[in-house]
Amino acid sequence: MTEPRDPATLPRQRSWAEVRWRQFRRAPRPVVRAVAASLTVAVVLAVMYLVYDVALGQGASLPGGDLRTLAITVYVVLVLLIGSVVTYLVVPQPTGSGTVARRSVWSAALGFFAAVPIAYLVMVVAVQIVRPLLG
């Protein structure tokens, strides 16, 4: 049987907010890289979409007409695809004691699952917040 520990030696109980803040500040590097890759791609493509949307809103006649639905579909596919590929390239599989960096489909899966909410959130910010400010 184990002896009860002295309460003075137990670590301090942290609040939910303290735990989440510590996790946010000390996020694992692979997760930070996956999010940064997807966020960069999403922001660049969202800016391109906003330029297209503003041009259509100002009455510019572009070849093909109004293709905003297609543009958003292409945006989502490209963010997911490029986010997965870039994460695959920059997030190596843990090597343990070895020195050879290996890649696996799990790195691409990490990029894909990081890109899904980022694609949605960046487009929501672009269309619902930034677009009305542009007029």
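## Salt bridges at a glance

This structure holds four salt bridges, each defined as a side-chain nitrogen of Lys or Arg within 4 Å of a carboxyl oxygen of Asp or Glu. Please keep in mind that this is a predicted model, where local features need pLDDT of at least 70 and side-chain atom pairs count only at pLDDT 80 or more, while totals for chains, interfaces and linings use all residues. Residues are numbered from 1 along each chain as its sequence is written, and side-chain values use heavy atoms, leaving out hydrogens and water.

## Asp-53 and its partners

Let's start with Asp-53, whose side chain meets that of Arg-68 in a salt bridge (2.5 Å, N to O). Asp-53 lies in helix α2 (residues 29–57) and Arg-68 in helix α3 (residues 68–90), so this pair ties together parts 15 residues apart in sequence. Helices here are DSSP runs (H or I, at least four residues), numbered from the N terminus.

Asp-53 also forms a salt bridge with Arg-131, with the closest N and O atoms 2.7 Å apart. Arg-131 belongs to helix α4 (residues 105–134), so the link to Asp-53 in helix α2 ties together parts 78 residues apart in sequence. Both Asp-53 and Arg-131 are buried; buried means under 20% relative accessible area, exposed over 50%, and partly exposed in between (1.4 Å probe, protein chains only).

Through shared partners, salt bridges join Asp-53, Asp-66, Arg-68 and Arg-131 into one network. Within it, Arg-68 is partly exposed at 27% relative accessible area, and Asp-66 is partly exposed at 49%.

How values were computed
Helix = DSSP H or I, 4+ residues; strand = E, 2+ residues; numbered from the N terminus.
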